Amino acid sequence: MTSTSSGPTFDPYDNTPELIPLRTAAQAGDWPAVRAFFAGLRSVDRLTSASGLLADIPGVENFLERAAAELPGDPLPRALLAERYVYIGWDIRSGALAKHVSQDQFGQFHDWLRRAEQILIEVCAEQPAYAPAWTARLLTARGLELGLTEARRRYDRLAAHHPHHYRAQSQLLQQLCPKWGGSWEAAHGFARECATGAPDGSASGALVALAHIEHWVDLKSTERTAYLRGVPVRDDLRFAAQVSVLHPDHRPDWNSIGAHSAFAFAFSLGGHFADAAPHFAFLGDRASEFPWQYLPDQKSAFLKFRTFALASQEGRQP
């Protein structure tokens, strides 16, 4: 590892090449190939991760609408279509604060989410254990402002069949933050619940890092550095990393890059570069877009922090 590399790449297809056939099939509008790709996925985590990536590809709603109409008893095309509708809606809304979103944007946003919700209600009624549909319903719950109780009910329905489901946990964590009507007590409490409740080696411990990052974002600029530098936050991050991605039982999967990215980000912003080092060592030239997108120049920040972290690990000055 050297600081002169041209990395990192934030592209999930560069970072996880086995996903490339999904993108190729989706861009070609090849439903049989898309269906075959999903049929080959052997875990719920992979299934919902792939669902989210497919939903972010422009135009896939065209062949998914046809597939859903032709296969009315199959939950897959309907769940994929609904999540695509959610993404279309969020793209119209944009990631701006609510005060900067127009009434027309909100109207279209809610229209798309209501279309998605209607599909998802039907799928969940028919297939109560179908993780892609319940995960997407956490997105619609947040966007339609259905409240914390309803969001938690949906998460609990999913968790009853698929406990410690990382993507669903990440979505509920967003709902529990103050920006969506929650509180920092609720967000941090849920993150620690995920970290301590999951089997050793699970990616769920990264929820602790994500909660601290969201808290950091919410603070005034003059308060941010002190928050992440604080010993309680550092120790919280250390514990979560040790029971999750740094635990001997951790087996790298499609969540690992995002989880290591969260720890690398949080430790680095707090100046805990020796703690960040093993996460950068795993990442190499790979990183997830989130949470690095919170920084103005995410690539430069990643390279700078990685240099500091690896130098700290080697006991030298960067």
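In what follows, Ala, Val, Leu, Ile, Met, Phe, Trp, Tyr, Cys and Pro count as nonpolar, Asp, Glu, Lys and Arg as charged, and the others, Gly among them, as polar. The model is predicted: local features need pLDDT of at least 70 and side-chain atom pairs count only at pLDDT 80 or more, while totals for chains, interfaces and linings use all residues. Residues are numbered from 1 along each chain as its sequence is written, and side-chain values use heavy atoms, with hydrogens and water left out.

**Cavity and pocket**

On a 1 Å grid over the protein atoms alone, a cavity is a set of points where a 1.4 Å probe fits but cannot get out; a pocket is an open set with protein on both sides within 12 Å along at least five of seven lines, and lining residues have an atom within 4 Å of a point. A search of the whole structure finds 1 cavity of 30 Å³ or more. The lining of the largest cavity comprises A195, A198, P199, G201, S202, S204, G205, V243 and S244. In the second largest pocket, D45, G201, S202, A203 and D253 lie nearest the centre. The table sets out the two spaces; a volume is the space filled by probe spheres set on the points, which are joined across faces, edges and corners.

| Space | Volume | Lining by class |
|---|---|---|
| Largest cavity | about 30 Å³ | 4 nonpolar, 5 polar, no charged |
| Second largest pocket | about 200 Å³ | 3 nonpolar, 6 polar, 5 charged |

H250 is found in the loop between α14 (231-243) and α15 (256-269); helices (H or I, at least four residues) are DSSP runs, numbered from the N terminus. With a relative accessible area of 8%, H250 is buried, where buried means under 20%, exposed over 50%, and partly exposed in between (1.4 Å probe, protein chains only). Leaving aside neighbours within four places in sequence, H250 is in contact (heavy atoms within 4.5 Å) with G201, S244, V245 and S256.

In helix α5 (residues 60-70), the buried residues are V60, E61, F63, L64, A67 and A68. Seen down the helix axis, they fall within an arc of 165°, so they line one face of α5; the arc is that of the directions from the axis to the C-beta atoms. A69 and E70, on the other side of α5, are exposed. The buried residues of α5 pack against α2 (20-27), α3 (31-39), α4 (44-55) and α6 (75-93).

A nonpolar core is a set of buried Ala, Val, Leu, Ile, Met, Phe, Trp, Tyr and Cys residues joined through side-chain atoms within 4.5 Å. The largest such core has 104 residues, and V34, F38, L54, F263, F280 and W292 have the most contacts inside it. Apart from neighbours within four places in sequence, V34 is in contact with L22, A25, A26, L54 and F63.

**Backbone features**

Most residues other than glycine have a negative phi, and most peptide bonds are trans. E145, in the loop between α8 (131-143) and α9 (148-161), has a positive phi near 55° and is exposed at 59% relative accessible area. H164 lies in the loop between α9 and α10 (166-176); its phi is near 65°, and at 29% relative accessibility it counts as partly exposed. A cis peptide bond, with omega about 15°, joins F290 and P291.

Methods
Helix = DSSP H or I, 4+ residues; strand = E, 2+ residues; numbered from the N terminus.
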